[in-house]
Amino acid sequence: METYRSDIAARRCPLRGRGFAPWLTAFVFAVALLASCGGKSEAQKRAEAMAADSAALKIATMPTLDCLPLYVARQYGLHDSLGIDMRLVPFVAQMDQDTAMLKGRVEAMFTDTVRAGRMERVQHKRLRRIVATPLHWLLMTPDSSRVRELKQIDDKLVAMTRYSATDMLTRMAADSARTDNDRTYRIQVNDVHVRYDMMMSSMVDAAWLPEPHATVARKAGCRQLFSSRGRLEAGVLVVSDSLMSDSTRRWQVERMAELYNRGVDSIARHGLTHYASLISQYCGVEPDMLSDLPRTMKYEKARPAVK
């Protein structure tokens with residue numbers, strides 16, 4: 001390019017005396033520059049972006065602590081060292097990420113065992129389990145609520161999601177309190193942020209919250225009525241089983257599992273509160289409300305060959 005420019009400058013243009021040479025020189029240079037850069041049309045750029053998106057491994061996440069290992073891996077660029085294009089696709093409602101999984105918009109997702117089982121049984125979507133995650137659900141009630149203890153959830157409104165772990169846990173809580181299941185009114189509120197706000201506004205009497213929202217609720221003066229800990233191992237990271245028959249996709253899944261494990265190691269080394277700002281960013285809660293995150297939360301290592 002520099003040689004070409006010098007050559008143009010060295011030659012005397014026959015129009016120079018008429019004042020056209022500077023314009024002509026600039027035009028020729030601009031054309032040469034565009035040709036050398038291989039300018040792409042918007043359609044070409046969109047096509048390339050769509051191809052890259054299709055080839056990437058897309059993982060549906062929720063604003064919950066069980067996703068933290070991949071949040072850590074993504075935030076600190078660990079995926080770059082493995083050469084994997086891993087894209088985290090955020091959702092705030094389990095039903096929405098189910099739809100994305102069924103329609104092929106994502107290839108993997110963080111979910112609960114009840115929803116994953118229903119997807120396989122009812123919607124005939126074969127899933128491969130990568131790792132059990134520490135997804136815990138807590139039934140919380142605000143200080144202003146009429147519910148002071150678990151047995152009082154009879155004839156009360158409980159925010160949850162149908163066909164999920166929170167649905168099953170509502171029945172378990174009613175059984176534990178020896179109340180009538182049919183008199184514990186399940187109010188479907190899929191968005192976990194809306195569920196929290198409805199509970200704090202006394203629009204429902206109690207709500208199932210994951211971490212870190214349960215910690216935020218405790219710091220706001222809410223009481224815990226029931227917990228999934230020790231009763232239901234709810235969390236799981238799954239991928240579409242069809243991926244495993246493709247060598248490239250299987251390689252991506254294996255790298256994702258490695259990234260998850262690197263995130264687990266980092267959390268074990270530094271502790272949850274070390275990542276308060278990261279949790280705030282991905283989970284939509286204020287970082288100063290995260291000083292009392294549960295110390296008992298443990299992350300298992302992923303094993304991608306597990307069914």
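Modeller: A search of the whole structure finds 2 cavities of 30 Å³ or more, a cavity being a set of points on a 1 Å grid over the protein atoms alone where a 1.4 Å probe fits but cannot get out. The model is predicted, so local features need pLDDT of at least 70 and side-chain atom pairs pLDDT 80 or more, while totals for chains, interfaces and linings use all residues. Residues are numbered from 1 along each chain as its sequence is written, and side-chain values use heavy atoms, with hydrogens and water left out.

The largest cavity holds about 60 Å³ of space, a volume being the space filled by probe spheres set on the points, which are joined across faces, edges and corners. Its lining (residues with an atom within 4 Å of a point) is made up of Met62, Thr64, Asp66, Gln94, Phe110, Thr111, Leu135 and Trp137. By class, these divide into 4 nonpolar, 3 polar and 1 charged residues, where Ala, Val, Leu, Ile, Met, Phe, Trp, Tyr, Cys and Pro count as nonpolar, Asp, Glu, Lys and Arg as charged, and the others, Gly among them, as polar.

In the largest pocket (an open set with protein on both sides within 12 Å along at least five of seven lines) there is about 340 Å³ of space. Ile267, Gly271, Leu272, Arg295 and Met297 are the closest to its centre among the 14 residues that line this pocket, and the lining has 8 nonpolar, 3 polar and 3 charged residues.

Gly271 leads on to helix H11, which this glycine follows with a positive phi, near 90 degrees; helices (H or I, at least four residues) and strands (E, at least two) are DSSP runs numbered from the N terminus. Helix H11 comprises the 24 residues 247-270, and its end C-alpha atoms are 35 Å apart, which agrees with the 34 Å it should span at 1.5 Å a residue, taken over one less than its number of residues.

His124 sits in the loop between helix H7 (113-121) and strand E4 (127-133), and counts as exposed because its relative accessibility is 65%, exposed meaning over 50%, buried under 20% and partly exposed in between (1.4 Å probe, protein chains only).
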